[in-house]
Amino acid sequence: MGSVHNPSARAVANDASAPSHHENFHCERRKLRLNIWLRRQQRDRDADFSSSSPNGSYFRRPYLRGSPAGNAQRSRNFCSSSPSVNRADEAAAALEEEAERKIGWLLKVIFAGTATAIGYQFFPYMGDNLVLQSISLLQVKDPFFKRTGASRLASYAVDDGRRMKVVELGGAQGLLNMLEAAEDDRTRKAALEALAALTESDKAVGALHKAGAIPIVQSTPSSVEEAAIDKYKTSLLKRFQDLRYDGSS
C-alpha cells in the first residue's frame, strides 16, 4: 500500500519551519553583502590575471568567476545555517542601544548639575538686578509698565530676606507712590497686591509704617469692579493693627 500524503499537515510543517520576517530580512542583507564581496573578489582576480598575461587574455577558472545562481545558492546556505549569528547581532544591537541611552542620561545629569551650580553662584546678582529693574518700572508714566513692575516685586517677595531686599532697594516707597498716584483700579490693585506680599515680614511692616503707608492705604478708593482692592486694603490695615501700629507716622 502506498503512503497517504496529507497536504495540510505538510503545509503546517513548512510554516513552522519557515523563518520569521525578521530573519528573512537579515538573510537578504547577508545575501547582498556576499554577492558584492564575490563580485569584488572576481574583479580583483581578473585584474591580476590581465596584468600578468602577455597578450591580455587568459582562461578564467569556473570557481573564480562564480555565476549569479551559484552566488545566490551560497547566500541561501549561509543564511539558513547561521540563525545564531542573527540572534548575536540582535543582542549586540540591544546592548549598544542600552549603552547609548545610559550615556545620554549621564550627559543630561552633568548638564543639569552644571547649570544648577552656575545659577546658584550668579542668582544673588540676578536677584538684585531684577528688583532694581522692577523698581524702575514703577517710575514710568505708563500704567502697564507700573503694573508689570509691581507684579514682578510681588512674585519675588516670597521670603523675609527677599522682602527686606525690596524694602532696602526702595521698592516699598515706590509702591506707595504708585498707589497714591494711580488713576485706575487695575493699577491700584497691582500696587496693593505687592504691598500685601511685603507685609508678610514684620520688619517690612515697620518700614512701610515709617514711609506713611497707613494713610495712603486708607485713602485708596474702593471699587465695585475690582473687589480685590477692598480685600487687600482690609488685609493691610489689619496687619498694621496686629503689630500695634496706629495711623500716625
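Here is a short walk through part of this structure, with helix 9 as our guide. Keep in mind as you look that this is a predicted model.

Two packed helices are described by the angle between their axes and the distance between the axes. Let us begin with helix 8, residues 171–181, and helix 9, residues 185–198. Their axes lie 9 Å apart, and the two helices pack at an angle of about 150°. Angles over 145 degrees count as roughly antiparallel, so helix 8 is roughly antiparallel to helix 9. The crossing of helix 8 past helix 9 is left-handed. To find where they touch, look in helix 8 for Ala172, Leu175, Leu176, Met178 and Leu179. Across from them, helix 9 contributes Thr187, Arg188, Ala190, Ala191, Leu192, Ala194, Leu195 and Leu198. Sorted by class, this contact has 11 nonpolar residues, one polar and one charged.

Next, turn to helix 6, residues 143–156, whose axis comes within 8 Å of the axis of helix 9. These axes cross at roughly 20°. Angles under 35 degrees count as roughly parallel, and therefore helix 6 is roughly parallel to helix 9. Helix 6, too, passes helix 9 in a left-handed crossing. On the helix 6 side you will find Pro143, Arg147, Ala150 and Ala154. They meet Arg186, Thr187, Ala190, Ala191, Ala194 and Ala197 of helix 9. This contact is made up of seven nonpolar residues, one polar and two charged.

Now for the largest nonpolar core, which has 36 residues. The members that touch the most others are Ala150, Leu153, Leu175, Met178, Leu179, Leu195 and Leu208. Several helices supply at least two residues each, including helix 5 (83–138), helix 7 (160–168) and helix 10 (202–210). Helix 9 gives the most, with eight residues.

Setting aside neighbours within four places in sequence, Met178 is in contact with Leu138, Lys146, Arg147, Ala150, Thr187, Ala190 and Ala191.

Our last stop is Ile229, which sits in helix 12. Is Ile229 buried or exposed? Residues under 20% relative accessible area count as buried, and Ile229 is buried because its value is 0%. Along the chain, Ile229 and Asp185 are 44 residues apart, yet 7.8 Å separates their C-alpha atoms. Beyond neighbours within four places in sequence, the contacts of Ile229 are Asp185, Arg188, Lys189, Leu192, Thr220, Pro221 and Ser223.

Technical notes:
Residues are numbered from 1 along each chain as its sequence is written. This is a predicted model: local features need pLDDT of at least 70, side-chain atom pairs count only at pLDDT 80 or more; totals for chains, interfaces and linings use all residues. Side-chain values use heavy atoms; hydrogens and water are left out. Axes are lines fitted to C-alpha atoms, for helices over the stretch in contact, and angles run from 0 to 180 degrees between N-to-C directions. Helices (H or I, at least four residues) and strands (E, at least two) are DSSP runs, numbered from the N terminus. Angles under 35 degrees count as roughly parallel, over 145 as roughly antiparallel, 65 to 115 as roughly perpendicular and the rest as oblique. A crossing is left-handed if the near helix is turned anticlockwise from the far one by less than a right angle, and right-handed if clockwise. Contact means heavy atoms within 4.5 Å. Ala, Val, Leu, Ile, Met, Phe, Trp, Tyr, Cys and Pro count as nonpolar, Asp, Glu, Lys and Arg as charged, and the others, Gly among them, as polar. A nonpolar core is a set of buried Ala, Val, Leu, Ile, Met, Phe, Trp, Tyr and Cys residues joined through side-chain atoms within 4.5 Å. Buried means under 20% relative accessible area, exposed over 50%, partly exposed in between (1.4 Å probe, protein chains only).
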